[in-house]
Amino acid sequence: SLQQGMLACESTAIQTRLAGCTDLLARQDLSTKHRALAYLKRSNAHFALNDIDRAIVDLEAASALTPNDYMPLHELAICYREKGETERAIKTMDRAISLNPKSAESFYHRGEMKRALGGLDEAEADFEMAIRLAPDDSNIGFIENGTLTRATYNRLKANSYKELAKTYIFARD
């Protein structure tokens, strides 16, 4: 049934997810929304298996089906980065951010990409934006490498602070 196929496609077991999503995609009666979701979920399985090329094919298909959804583009940018195509990854993440300018995670990843290409000022701006957009819980702090950094339970915000600090250090060196 469709419901069983969707459950398999959302499984945390990679092979089950891969098979479930592939079965769903073979269905002629699958809606565009569910087809795009199946491509997205299957791409995650391919990525987990380090089959980046197949993940890219699925993400491109998901993006074509749902051109106003930022998530396939966000994930596609990460795949391009994994392949070493950082400039292409940034352009793709730019498109994702244009669709969802409130995605702290997209700014975080774009900051990493820009820093990798030496764009330290742009990377700092992206990490700062990720910090602003991430949920706020200012009661938490952590110490890393002897520096007290304000952070949160939210891993993304904490990581954004850490990456921003590293970018400051790279910029000063």
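**Entry 1: the whole protein**

I began with the surface: the protein exposes about 9,600 Å², and carbon and sulfur atoms supply 49% of that area. Accessible areas here come from the Shrake-Rupley method with a 1.4 Å probe, and for residues only the protein chains shown count as cover. I note that this is a predicted model, where local features need pLDDT of at least 70, side-chain atom pairs count only at pLDDT 80 or more, and totals for chains, interfaces and linings use all residues. Residues are numbered from 1 along each chain as its sequence is written, and side-chain values use heavy atoms, with hydrogens and water left out.

Next I looked up the elements and found 9 helices and 2 strands. Helices (H or I, at least four residues) and strands (E, at least two) are DSSP runs, numbered from the N terminus. Along the sequence, I read the pattern α-α-α-α-α-α-α-α-β-β-α.

Of the 173 residues in the protein, 42% are buried. Buried means under 20% relative accessible area, exposed over 50%, and partly exposed in between (1.4 Å probe, protein chains only).

**Entry 2: the disulfide**

I searched the whole structure and found 1 disulfide, meaning a pair of cysteine sulfur atoms within 2.5 Å. It joins cysteine 9 to cysteine 21, with an S to S distance of 1.9 Å. Cysteine 9 sits in helix 1 (residues 2-9) and cysteine 21 in helix 2 (residues 14-25), so the pair ties together parts 12 residues apart in sequence. The torsion about their S-S bond is about 95°, so this disulfide is right-handed. I also checked burial: cysteine 9 and cysteine 21 are both buried.

**Entry 3: threonine 86**

I found threonine 86 in helix 6 (residues 86-99). Threonine 86 is buried, with a relative accessible area of 15%. Leaving out residues up to four places away in sequence, threonine 86 touches Tyr80, Met113 and Leu117; contact means heavy atoms within 4.5 Å.

**Entry 4: helix 3 and helix 4**

The axes of helix 3 (residues 32-48) and helix 4 (residues 52-65) come within 8 Å and cross at roughly 160°. Axes are lines fitted to C-alpha atoms, for helices over the stretch in contact, and angles run from 0 to 180 degrees between N-to-C directions. Helix 3 and helix 4 are therefore roughly antiparallel, a label for angles over 145 degrees. Among the residues that meet, I noted Tyr39 and Leu40 in helix 3, and Leu59 and Leu65 in helix 4.

Definitions and conventions
Parallel < 35°, antiparallel > 145°, perpendicular 65-115°, else oblique.
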